[in-house]
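Here are my notes for you, as numbered points. Please have the model open beside them while you read.

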Amino acid sequence: MGMSVTISVATEQDAEQIFKLQYLCFQSEAALYGNYRIDPLVQSLDSVRQEVAADCVYVARLGEEVVGSVRGRVTEDGSAAIGKLCVHPRLQGHGIGARLLRAAESALAEERGAKVFRLHTGHRSEGNLRLYRRVGYQAVGTSQGNDGVPMIVLEKPAEAYVTTA
C-alpha cells in the first residue's frame, strides 16, 4: 500500500528540501520565459530559511520527502501575499497544489487576520492560472517581476477560502 501525501507547517529542518524542490520545480517556468534568473531560481538558502522562520510556510510530504511547498505572509494593508507554490513534477496534477493553497489560506485568514489573498503568476503559465481560477482567484491586474517577467495579479477575498476548501 502506498503512502499518502500529508500537508503540515514547515519546520526549520525543511528549509533545505524546500530550497532544492523550488529549484527543481521552477525550471519549467524559467524555460517558458527563456529566463533562468527568475526569482525562485536565484533565491538563497538563507533567504528560504528566513521565510520558513517568519512567514506562513506549508509543505506537502510523501513520507519524509518534501514534495510541495507554499509561502504566505500578511502585508501591512491586511492582504496575504501567497507565493512560490510548487509541487514536485512527478506528483503534479493530483490536487496537492490546491491542498497546499487551502492550508496557507486557512492559516493566513484564521491566525494572521488576512482580509484578501493575492498572488502573482507569469502571464504564460496556463497551468497555474487554471489552478488559481479553479479555487476562486480572479485576475485584478498585471505587474512585472523583479526578474522582468510579466505577471498576472490574482486575488480572492479571505472569506472565500471556506467555499473552495
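1. Let's begin with Y36, which sits in the loop between α2 and α3; helices (H or I, at least four residues) and strands (E, at least two) are DSSP runs, numbered from the N terminus. Y36 is partly exposed, at a relative accessible area of 48%. On this scale buried means under 20% relative accessible area, exposed over 50%, and partly exposed in between, with a 1.4 Å probe and protein chains only. From C-alpha to C-alpha, Y36 and F26 are 9.0 Å apart in space and 10 residues apart in sequence. Neighbours within four places in sequence aside, Y36 is in contact with Q27, A30, A31 and L41, where contact means heavy atoms within 4.5 Å.

2. A word on the ground rules. This is a predicted model, in which local features need pLDDT of at least 70 and side-chain atom pairs count only at pLDDT 80 or more, while totals for chains, interfaces and linings use all residues. Residues are numbered from 1 along each chain as its sequence is written, and side-chain values use heavy atoms, with hydrogens and water left out.

3. N35 belongs to the loop between α2 (27-33) and α3 (39-42). Is N35 buried or exposed? N35 is buried, because its relative accessible area is 17%. The N35 side chain reaches the backbone oxygen of D147 at 2.9 Å. Apart from neighbours within four places in sequence, the contacts of N35 are A30, D147 and V149.

4. Next, please look at S125, in the loop between β5 (116-122) and α6 (126-134). S125 counts as buried, with 2% relative accessibility. Its side chain makes a polar contact with the side chain of Y33, at 3.0 Å. A polar contact is a pair of N or O atoms within 3.5 Å; within protein, one must be able to donate a hydrogen and the other to accept it, and residues adjacent in sequence count only if both atoms are side-chain atoms. Not counting residues up to four places away in sequence, S125 touches E29, L32 and Y33. S125 and E65 are 60 residues apart along the chain, and their C-alpha atoms are separated by 26 Å.

5. E105 is a charged side chain worth a look. This residue lies in helix α5 (residues 96-110) and counts as buried, at 1% relative accessibility. The side chains of E105 and K156 make a polar contact at 3.3 Å. Between the C-alpha atoms of E105 and V52, 53 residues apart along the chain, the separation is 16 Å.

6. Now the largest pocket, whose volume is about 1,400 Å³. Of the 48 residues that line it, F26, K84, L85, H120 and Y132 are the closest to its centre. For the method: on a 1 Å grid over the protein atoms alone, a pocket is an open set of points where a 1.4 Å probe fits, with protein on both sides within 12 Å along at least five of seven lines, and lining residues have an atom within 4 Å of a point. Strand β4 (residues 79-87) gives the largest share of the lining, seven residues. The lining divides into 21 nonpolar, 17 polar and 10 charged residues.

7. K84, one of the residues closest to the pocket centre, is found in strand β4. Could you check its backbone? K84 has a positive phi of about 50° although it is not a glycine. At 24% relative accessibility, K84 counts as partly exposed.

8. Finally, the cysteines. How many disulfides are there? The count comes to zero, where a disulfide is a pair of cysteine sulfur atoms within 2.5 Å. The sulfur of C25 has its closest cysteine sulfur in C86, and at 4.2 Å that is too far for a bond. C56 is in no disulfide either, since the nearest cysteine sulfur, that of C86, is 15 Å away. Both C25, at a relative accessible area of 7%, and C56, at 5% relative accessibility, are buried.

Note on methods:
Grid points are joined across faces, edges and corners, and a volume is the space filled by probe spheres set on the points.
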